[in-house]
Amino acid sequence: MFKQLFCFYLFLAVFVSACEKNEVNDLCLPNLSINDKTSREQDDRALAQLLKELIDLSSSVTCTGSTDWNYVPYGTKACGGPLGFIPYHNSIDVECFKKKVALYTDLTKLYNHKHGVFSDCSIPPSPKSIACENGTPVLRYRTQLFVTEQ
């Protein structure tokens, strides 16, 4: 009897630990890949689908005040550096959102290499702040790039 109870509790402990938050959050990632067996069209669709998910998550909360918003770089250019920046509200599942952004970035890097993509090698400036306009978060950038002293 003791052996059966021990086995039951051991099974229960392993089962419960497998359902912890970190492992469950991995389920938030879509099953997308770019590899030697996928066509360029399939790769384009995979990237477009994931970017749409990121944009949908980003716009799922109405922007009423900029203090609860952050942004993260996404994608990668062929020469390196991000494609741009995407805002997100702190009330969404931030961990899942950032995992999707990381997946998108990894997939764009694979895409660029696989398809021989070239880019302009420019580095987009980092946003300086976030503002709310008509319920939408807007990334603000420094308007004056060069300052000369007289």
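Which residue forms a salt bridge with Glu 95? It's Lys 99, and the closest N and O atoms of the two are 3.7 Å apart. A salt bridge here is a side-chain nitrogen of Lys or Arg within 4 Å of a carboxyl oxygen of Asp or Glu.

A quick word on the model: it's predicted, so local features need pLDDT of at least 70 and side-chain atom pairs count only at pLDDT 80 or more, while totals for chains, interfaces and linings use all residues. Residues are numbered from 1 along each chain as its sequence is written, and side-chain values use heavy atoms, leaving out hydrogens and water.

Searching the whole structure turns up 6 salt bridges. Here are some of them:

| Pair | N to O distance |
|---|---|
| Glu 53 and Lys 100 | 2.7 Å |
| Asp 120 and Lys 77 | 3.0 Å |
| Glu 95 and Lys 99 | 3.7 Å |

Where do these residues sit? Helices (H or I, at least four residues) and strands (E, at least two) are DSSP runs, numbered from the N terminus. Glu 95 and Lys 99 share helix 4, 4 residues apart, or about one turn of the helix. Glu 53 in helix 3 (residues 40–58) and Lys 100 in helix 4 (residues 94–115) are 47 residues apart, so this pair links distant parts of the chain. Asp 120 is in the loop between helix 4 and strand 3 (129–133), and Lys 77 is in the loop between strand 1 (69–74) and strand 2 (84–89), so their bridge ties together parts 43 residues apart in sequence.

Now for exposure: buried means under 20% relative accessible area, exposed over 50%, and partly exposed in between (1.4 Å probe, protein chains only). Glu 95 is partly exposed at 30%, and Lys 99 is partly exposed at 21%.
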